[in-house]
Amino acid sequence: FGLCFSLRKVVPAASGDGEPSRAATFVTACVCAALGTSVSAPFNYIRSMAFAEKSFVPMESVRSKYVFTQRIWGELLKEARSQRSVGDGLRFVQRRFRLGWGTARVAVGMAV
């Protein structure tokens, strides 16, 4: 998240006279925050799935975490591919990653 959000300082938001307007700076910050939230969503999804896993499932070693992550990604992709169309599959992934109003709320909140 931090890397994407810090791009707001590098992405040009200049208006006609060369100096960025407050509105352009705000929009740039919103876009960078939304991008950061969206990029971090898959990692948050895996973490949430790990918290939801049964307590007896071993996840102490790097290997077991890797196997768990591969299993979760496989299940997610299988369900997404089983949707009627590509658009439905993308909407399915969007819902799983919880990208929506919360993403917009974070983006505006961080931009302010």
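View 1. The side chains of Glu-75 and Arg-71 meet here in a salt bridge, with an N to O distance of 3.2 Å, in a structure that is a predicted model. Both residues belong to helix 3, where Glu-75 and Arg-71 are 4 residues apart, about one turn of the helix. Glu-75 counts as partly exposed, at 34% relative accessibility, and Arg-71 likewise counts as partly exposed, at 36%.

**View 2. Arg-71 and its partner Glu-53.** Arg-71 also forms a salt bridge with Glu-53, and the closest N and O atoms of this pair are 3.2 Å apart. Because Arg-71 lies in helix 3 whereas Glu-53 lies in the loop between helix 2 and helix 3, the pair ties together parts that are 18 residues apart in sequence. Glu-53 is partly exposed, with a relative accessible area of 23%.

View 3. Glu-79 and Arg-96 meet through their side chains in a salt bridge of 3.1 Å, taken from N to O. This pair links distant parts of the chain, since Glu-79 is in helix 3 and Arg-96 is in helix 4, 17 residues apart. Glu-79 is partly exposed, with a relative accessible area of 33%, and the value for Arg-96, also partly exposed, is 33%.

**View 4. Helix 4 and its buried residues.** Helix 4 covers residues 86-97, and its 12 residues should span 16 Å at 1.5 Å a residue, which agrees with the 16 Å that separates its end C-alpha atoms. Within helix 4, the residues Asp-88, Gly-89, Phe-92 and Phe-97 are buried, and the buried residues of this helix pack against helix 2 and helix 3. Just after helix 4, Arg-98 takes a positive phi of about 60 degrees.

View 5. Thr-37 lies in helix 2 and is buried, with a relative accessible area of 15%. A polar atom of the Thr-37 side chain lies 2.9 Å from the backbone oxygen of Ala-33. Thr-28, which also has its place in helix 2, counts as buried at 12% relative accessibility, because the cut-off for buried residues is under 20%. The C-alpha atoms of Thr-28 and Val-10 are separated by 9.9 Å, although these two residues are 18 residues apart along the chain.

**View 6. A nonpolar patch on the surface.** Phe-26, Val-27, Val-31, Val-108 and Val-112 form a nonpolar patch on the surface, and together they have about 460 Å² of accessible area. Helix 2 (residues 22-52) contributes the largest share of this patch, 3 residues, and Val-27 is found in that helix.

**View 7. The whole chain, for orientation.** Of its 112 residues, 25% are buried, and the accessible surface of the chain comes to about 8200 Å², of which 63% belongs to carbon and sulfur atoms. Among contacts between residues at least 6 apart in sequence, 57% join residues at least 24 apart.

Conventions
Residues numbered from 1 in each chain as written. Predicted model: local features only at pLDDT ≥ 70, side-chain atom pairs only at ≥ 80, totals over all residues. Heavy atoms only, no water. Patch = residues over 30% accessible without salt bridge, like charges linked within 9 Å, V, L, I, M, F, W, Y side chains within 5 Å. Areas by Shrake-Rupley, 256 points an atom, 1.4 Å probe, with all protein chains shown as cover. Salt bridge = Lys/Arg side-chain N within 4 Å of Asp/Glu carboxyl O. Helix = DSSP H or I, 4+ residues; strand = E, 2+ residues; numbered from the N terminus. Buried < 20%, exposed > 50% of the residue type's maximum accessible area, 1.4 Å probe, protein only. Polar contact = N/O pair within 3.5 Å; in protein donor to acceptor, adjacent residues only side chain to side chain. Contact = heavy atoms within 4.5 Å. Expected span 1.5 Å × (residues − 1).
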